Amino acid sequence: MIPPPGTGAFLNAHGWGGAAVRPLAGDASFRRYFRVELQGRTAVLMDAPPEKEDPRPFLAIGKRLQNLGFSAPQALAADLDQGLVLLEDYGDARVNPVLAADASAEHEIYAAAVDILAELHKHPPGDVPPYNEAEYLREARLFPDWYLPAVGLAEAPGYDEAWAPMWPALFTHPPVLVLRDYHADNLMLLDRPGLKQLGLLDYQDALAGHPAYDLASLLQDIRRVVSPELEAAMIERYIAARQQGPLGLDEAAFRAAYAILAAQRNIKILGVFTRLYVRDGKPAYPRFHPRLWELVNANLDHPALAPARAWFDANVPASTRQGVEVK
């Protein structure tokens, strides 16, 4: 992976001239990342092509998270015209591979991640767009738009209508800042105290929505299996933390919203990962389909999902819930 044009001049202008630039893992977007090393110092270079990505929301939300006392990487320099941002380097201790190597601290790490959400959700969301019904439906429609044709199915009538009775449950709580990709691959272990011990990544698409969304993202992880026992314990931990104080939540309503949002998110990701394969030629993503279907099938068992379950049972046979065949 070659650094973008203008990297040398950008680094020279900000005191990193002559630094070594090495690729880091990318993500499902058009953003790319590089580690910059110079005389014992390191930083992360984010390449967000201006025609494809806008780093300004990332910078603004990161600043808000920092002001609230959380660990979001400091921006060291930026050239928005080129889409280049130099960031504080959080190292390589990403939660997913750390726990893959040694899961002994799993409960402790997930408890810390849940505590961060509980604290974040005590604050207003700030200046971000709303996670409204139109957006929830747009995301849910990625499934019939991309997954169904990839497995040889046409969309049957009634899909949108099956979701409609569930949307009101997502607006029963004051909106909070929803980071939208809060999971083990976007959390970094840092040698810092309290709520700063986990570094937060990938929040540029944050919206103002229901507090259950990021909890579902964390506990129904696509790339890392969270046991039902740990999921249940962490939901209990979050509810207990949030039931204290003036912005407490109704447990039954929260659990229903959690089930709906977990289903909506996982069904959306089935569509997104299919699109990444079919349209963008990225063959790695269909391998996650079996895990996604495991989660979706479990989500649809919740009583709050009865209308969606009826539609899926009538129109998506079990034989097509295995994933897209990679050719």
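How many bridges join strand β2 (residues 32-38) to strand β3 (residues 41-47)? There are 7, and the two strands run antiparallel. The views below come from a predicted model, in which local features need pLDDT of at least 70 and side-chain atom pairs count only at pLDDT 80 or more, while totals for chains, interfaces and linings use all residues. Residues are numbered from 1 along each chain as its sequence is written, and side-chain values use heavy atoms, with hydrogens and water left out.

**View 1. The open sheet has 5 strands.** At the edges sit β1 (20-23) and β4 (75-79), each of which pairs on one side only. From one strand to the next, the twist averages 25 degrees; axes here are lines fitted to C-alpha atoms, for helices over the stretch in contact, and angles run from 0 to 180 degrees between N-to-C directions. Strands (E, at least two residues) and helices (H or I, at least four) are DSSP runs numbered from the N terminus, and two strands pair if DSSP finds at least two bridges between them.

View 2. As a reminder, strands of a sheet pair through backbone hydrogen bonds, either parallel or antiparallel.

**View 3. R237 and D115 meet in a salt bridge.** A salt bridge is a side-chain nitrogen of Lys or Arg within 4 Å of a carboxyl oxygen of Asp or Glu; by this rule the count comes to 27. For R237 and D115 the N to O distance is 2.9 Å. The pair links distant parts of the chain, 122 residues apart: R237 lies in helix α9 (residues 228-242) and D115 in helix α4 (residues 106-120). R237 is partly exposed because its relative accessibility is 34%, and D115 is partly exposed at 27% (buried means under 20% relative accessible area, exposed over 50%, partly exposed in between, with a 1.4 Å probe and protein chains only).

**View 4. R141 forms a salt bridge with E155.** The closest N and O atoms are 2.6 Å apart. R141 sits in the loop between α5 (133-140) and α6 (142-150), and E155 in the loop between α6 and α7 (159-163). R141 counts as buried because its relative accessibility is 19%, whereas E155, at 36%, counts as partly exposed.

**View 5. Several charged residues are linked in a network of salt bridges.** Look for E135, R138, E139, R180 and K268.
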